[in-house]
Amino acid sequence: MYSRILVPVDLAHAERLAKALKTAADLARHYDIPVCYAGVSAETPGSIAHSPKEYGEKLAAFARDQAELHGVKAESRPVFSHDPSIDLDEAIVKAVKESEADLVVMASHIPNIADRFWPSNGGRVAARSDASVFVVRGT
């Protein structure tokens with residue numbers, strides 16, 4: 001049914017992604033397909049990495065850890081943006097297209113009043129991508 005799952009990850013908040021990561025791994029095992037962990041970062045030094053190369057290495061290590069932990073085939077895809085907070089949705093859509101993923105499994109934020117005015121990241125990715133989007137509400 002699916003051929004590749006893309007999971008957007010924020011390495012600064014990886015501990016909040018446990019439920020989405022487990023969901024993606026369960027689906028990957030069920031369909032015997034790889035998971036692509038995509039991370040969006042600026043090309044400038046930040047709290048996670050000092051360079052795009054270092055960020056890519058950390059994301060690749062994260063993917064390897066997830067593969068070992070969950071018993072899935074994994075890859076990573078760093079996407080760089082001038083302003084990740086503004087370009088996040090488009091960067092995720094770009095990663096979906098480049099990775100040829102047909103399913104996106106992403107964590108949701110805790111809903112708040114702003115959701116009545118602005119669509120969620122998952123909603124925007126679903127509207128701009130050909131992939132199915134599974135939004136996982138955290139606990």
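Predicted model: local features only at pLDDT ≥ 70, side-chain atom pairs only at ≥ 80, totals over all residues.
Hi everyone. Two strands count as paired if DSSP finds at least two bridges between them. S1 and strand S2, residues 35–42, pair in the parallel sense over 5 bridges. One of the contacts to S2 joins Pro8 to its bridge partner Ala38. S1 also pairs with strand S4, residues 103–107, again in the parallel sense, over 2 bridges. There, Ile5 has Leu103 as its bridge partner.

How covered is S1? Mostly: 5 of its 5 residues are buried. In general, side chains in a regular strand alternate between the two faces of the sheet. Here, Ile5, Val7 and Val9 point one way, while Leu6 and Pro8 point the other way, and all are buried.

Now for the aromatic rings. The structure holds 3 aromatic pairs, and I'll show you two of them. In Tyr2 and Tyr31, the ring centres are 5.4 Å apart and the planes stand at 85°, so this pair is edge-to-face. Tyr2 sits in the segment before S1 and Tyr31 in helix H1, residues 18–31, so the pair ties together parts 29 residues apart in sequence. Tyr2 is partly exposed, at 23% relative accessible area, and Tyr31 is partly exposed too, at 25%.

Next come Tyr55 and Phe80: their ring centres are 6.0 Å apart with planes at 75°, so that pair is edge-to-face as well. This one links distant parts of the chain, with Tyr55 in helix H2, residues 52–70, and Phe80 in strand S3, residues 74–81, 25 residues apart.

Conventions:
Residues numbered from 1 in each chain as written. Heavy atoms only, no water. Phe/Tyr/Trp six-rings, centres within 6.5 Å; stacked < 30°, edge-to-face > 60°. Helix = DSSP H or I, 4+ residues; strand = E, 2+ residues; numbered from the N terminus. Buried < 20%, exposed > 50% of the residue type's maximum accessible area, 1.4 Å probe, protein only.
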